[in-house]
Amino acid sequence: MVQMKEFRVVMPLSLEEYQIAQMYMTMKMQQENTTGNEGVEVLENRPFEDDEFGKGQYTLKLYRLQSKAPSWLTTFAPADALVMQEEAWNSYPRCKSVIKCPYFTKFQLTIDTIHQAGNGQSENVHCLSKNELAAREVEILDIASATSDYWSYIVGRNNIDFSKFQSARTGRGPLVGGWQNRCNPVMTAYKLVTVDAPYWGFGSRLEQALLAGERALFLESHRNMFAWIDEWFGLTMEVMRELEQQSDTSLNVKLGQHCLVESEEEFGNTSAYS
């Protein structure tokens with residue numbers, strides 16, 4: 001059965017700041033979680049343009065995170081088969097990611113994200129149909145909260161107390177009860193997760209586990225964005241693209257892989273969907 005859940009993550013940032021923060025966070029977390037055996041391999045990172053998204057950045061990555069899989073899942077597949085492939089089309093403020101697992105060929109997880117100013121009160125930013133709205137579950141994530149469930153342990157958790165944290169460079173914080181209604185600037189990442197694992201006996205359990213994992217990842221990554229604000233604040237997109245290229249190459253070197261395709265000229269002018 002297809003599961004659909006929309007996570008809304010409110011952030012004390014402007015839309016422009018969030019784009020920089022997200023890139024910085026992604027690079028830093030990927031570096032922290034990549035070793036000689038596991039981590040993120042970047043196969044492609046290049047500009048794209050198509051009729052659906054317009055212009056943006058296309059990435060193709062492999063996530064080799066076998067040790068993070070729950071033990072019950074390894075009873076259905078060998079650990080080295082649990083490699084995830086992610087295609088992403090980032091046309092900020094709109095993004096789409098499609099995650100597949102070559103071993104479970106029927107499985108697919110899609111994340112459609114809309115970034116919008118405001119504190120998470122827009123009810124249908126994804127323009128869902130009446131039936132889709134009825135099937136969708138909504139959860140608002142508070143970055144000032146911290147959880148200690150299985151997936152937060154697996155994903156990792158920074159221990160910053162945001163009720164006491166204040167940015168030295170921007171003066172933002174601390175984040176105390178109801179901060180989403182008082183802070184300025186404020187924006188929200190609306191992340192619609194659709195997961196389908198049509199496997200008898202364990203498909204539903206896998207779907208629920210993946211939703212819980214995505215929830216923990218969204219919470220931790222956005223907590224890190226704000227925790228690291230004094231590191232990325234003031235950086236430009238030009239600087240971020242240069243750092244991103246260096247980081248992608250570094251990740252592949254750690255995993256002993258070849259360099260990725262870095263530009264549209266190297267890959268040709270093909271569509272990201274071809």
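Which residues line the largest pocket?

## Largest pocket

The largest pocket is lined by M1, V2, Q3, M4, K5, F7, A135, E137, Q208, L211, A212 and R215. Two elements, β1 (3–11) and α4 (203–227), each give two or more residues to this lining. The volume of the largest pocket is about 220 Å³. Its lining has 7 nonpolar, 2 polar and 3 charged residues.

A pocket is an open set of points on a 1 Å grid over the protein atoms alone, where a 1.4 Å probe fits, with protein on both sides within 12 Å along at least five of seven lines; lining residues have an atom within 4 Å of a point. The volume is the space filled by probe spheres set on the points, which are joined across faces, edges and corners. Ala, Val, Leu, Ile, Met, Phe, Trp, Tyr, Cys and Pro count as nonpolar, Asp, Glu, Lys and Arg as charged, and the others, Gly among them, as polar.

## Basis of the model

This is a predicted model, in which local features need pLDDT of at least 70 and side-chain atom pairs count only at pLDDT 80 or more, while totals for chains, interfaces and linings use all residues. Residues are numbered from 1 along each chain as its sequence is written, and side-chain values use heavy atoms, with hydrogens and water left out.

Helices (H or I, at least four residues) and strands (E, at least two) are DSSP runs, numbered from the N terminus.

## L206 in helix α4

L206 lies in helix α4. L206 is buried, at a relative accessible area of 6% (buried means under 20%, exposed over 50%, partly exposed in between, with a 1.4 Å probe and protein chains only). Apart from neighbours within four places in sequence, L206 is in contact (heavy atoms within 4.5 Å) with W72, L73 and A197. F165 is 41 residues from L206 along the chain, and 36 Å separates their C-alpha atoms.

Strand β2 (residues 39–50) and β3 run antiparallel and are joined by 11 bridges; strands pair if DSSP finds at least two bridges between them. A hairpin through 3 residues connects β2 to β3. The bridge partner of G39 in β3 is R64. β3 also pairs with strand β4 (residues 83–91), in the antiparallel sense, over 8 bridges. Here L60 stands opposite E87 in β4.

T59 is in strand β3 (residues 54–64). T59 counts as buried, with 11% relative accessibility. Not counting residues up to four places away in sequence, T59 touches E44, N45, E86, E87 and A88.
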